[in-house]
Amino acid sequence: MNNWLKKISIVVVGIFWAGISCGIVSARGGRTVVAGEVIGRSATDPAIVMWYLDDPFGSTEQLAQRLAADGSFRFETEEITHLHDVSIVIGRSVRFLIAPGDSIHLTIDADRMRRGEVAEAVRFGGDRAKENAELIVCQEKMIRLQNDEPLLDLATTPDNVFRQIRERMARYEDSLNRFASVGPEIRDFMRRELLFNLANSLLAYEPRNPAARVKLLGDSIFGIHDEANLRTMMFPYHLNFYADTRTAIDTTILAAIRDEDYALAARKTVGVLTEEPATGCRDVMLWGSMIALAEQWPALCDSVAELRTAFVDPTLYERLQMQCRTFAKGPSFPETPITGIHYLTPADSTVEAVPEGDFFAYLAAKYPNRVLYIDVYATWCAPCRAEMKYAPMLHETFSEQEVVFVNLCLASPFDHWRRLMTQNPIEGENYWFDPDATNLFRATYRLSGYPTYLLVDRQGSFSSLQAGRPSEMEYTIRQINTLLGQ
């Protein structure tokens, strides 16, 4: 074992980590509060504050609200299930640690945030104030150090990939040890955070076969069953990537999903993943896989008896039942006025502001009695651009039918969107969302990332928040035809 891994394993973290280190993560959260105020604001500063919960068992990925006139904000949730880091975003991101039942207060200086002085711009109060004050200073410097380094060389053997990771972690260890004012708990957290930031780059690694990738992702260096790793929000991404790769080896699972035999897919997936050791980390993998299937097939819990005993934490089965009931009802959202949306007029390519109001009410009025296939993308998103190559075939399939293709550009600079529209025009109705509109839209409609595809029926109601992609042509055509026939 490497020296830096030995040091991780022997750190005595004490009661600070007691919420997670004493045993399996509980999926039962407590009422958790994050409140604060933004001072030193200017007219051009963001008016929307986002809280990314980043909880692997949560049903809500992000919350958003408009700042009050005095710059204050307050969030409450029961979706935090264990101690881990989360993000508040107001122009820039502020990361901090939180556990179920915590009440945390932030004072954010917008003027210093504009200057990039994130560590100096934030003061913490309430629970974990000391630890989070240490974390923000340490994190800013260490993430900057990591970002300044070149990407891992993945065009090589697994042994060479691991050599690069070990060398970098040794350098990070040396740097962390220079933070005399930072306690061992925060240094331990940062080691894990930096390790899984590196691990995230393995998404682009293409070994000879899936079994080789499983071996790589499951290497002891990553400790995929060390529940203490769940303190960093990056770790569940690694676990889900590992789980997806493991289940992909069983080709009957992918075939069952393609044939919409979700019962078989679920049973096979449960069989594969329960071969892993019985830990909270296995629960994360199983939860992510089952939620993805339940979104497509809400009868999951009623039809797959194996799920009743599959989770180490039995409360997760109860939670999954609740999610299935929610999915069965179909997506439903409160009316949410949004401003900052702009429309590209097809006739002369001018851009006009969409009136403030509920965006989907606007779409229903503009395109009455039409099925809407909605592509939510960002200009910098490579998978988004790749999917756009398949879109013309989908458009052609429905060119004579009552289907409108709507393209929503989020999280992208206005000039980048305009350049894309000029150089590579996207067929359909095109809209751009400014940063505040992006954040409010993402939180309201629970978007997990880019690209996301939505389907709206003729009555203006959501049919799917996870519609098929253009590249999944046969499946997506079936979804649209179902709505046209209703």
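Predicted model: local features only at pLDDT ≥ 70, side-chain atom pairs only at ≥ 80, totals over all residues.

Modeller: Counting rings of Phe, Tyr and Trp (its six-membered ring) as paired if their centres lie within 6.5 Å, you get 29 aromatic pairs. One is Phe 360 with Tyr 445, at 4.9 Å centre to centre and 70° between the planes, which is edge-to-face (over 60 degrees; under 30 is stacked, the rest tilted).

Biologist: Where in the chain do Phe 360 and Tyr 445 sit?

Modeller: Phe 360 is in helix α15 (residues 359-366), and Tyr 445 is in the loop between α19 (435-444) and β16 (452-456), 85 residues apart. Helices (H or I, at least four residues) and strands (E, at least two) are DSSP runs, numbered from the N terminus.

Biologist: Are Phe 360 and Tyr 445 buried or exposed?

Modeller: Both are buried, meaning under 20% relative accessible area with a 1.4 Å probe, protein chains only (exposed is over 50%, partly exposed in between).

Biologist: Why is the pair of Phe 433 and Phe 441 edge-to-face?

Modeller: Because their planes stand at 65°, with the ring centres 5.0 Å apart.

Biologist: OK, new topic. How do β5 and β6 pair?

Modeller: Strand β5 (residues 84-90) runs antiparallel to β6 over seven bridges; pairing takes at least two DSSP bridges. Asp 85 stands opposite Leu 97 in β6. Five of the seven residues of β6 (residues 92-98) are buried.

Note on methods:
Residues numbered from 1 in each chain as written. Heavy atoms only, no water.
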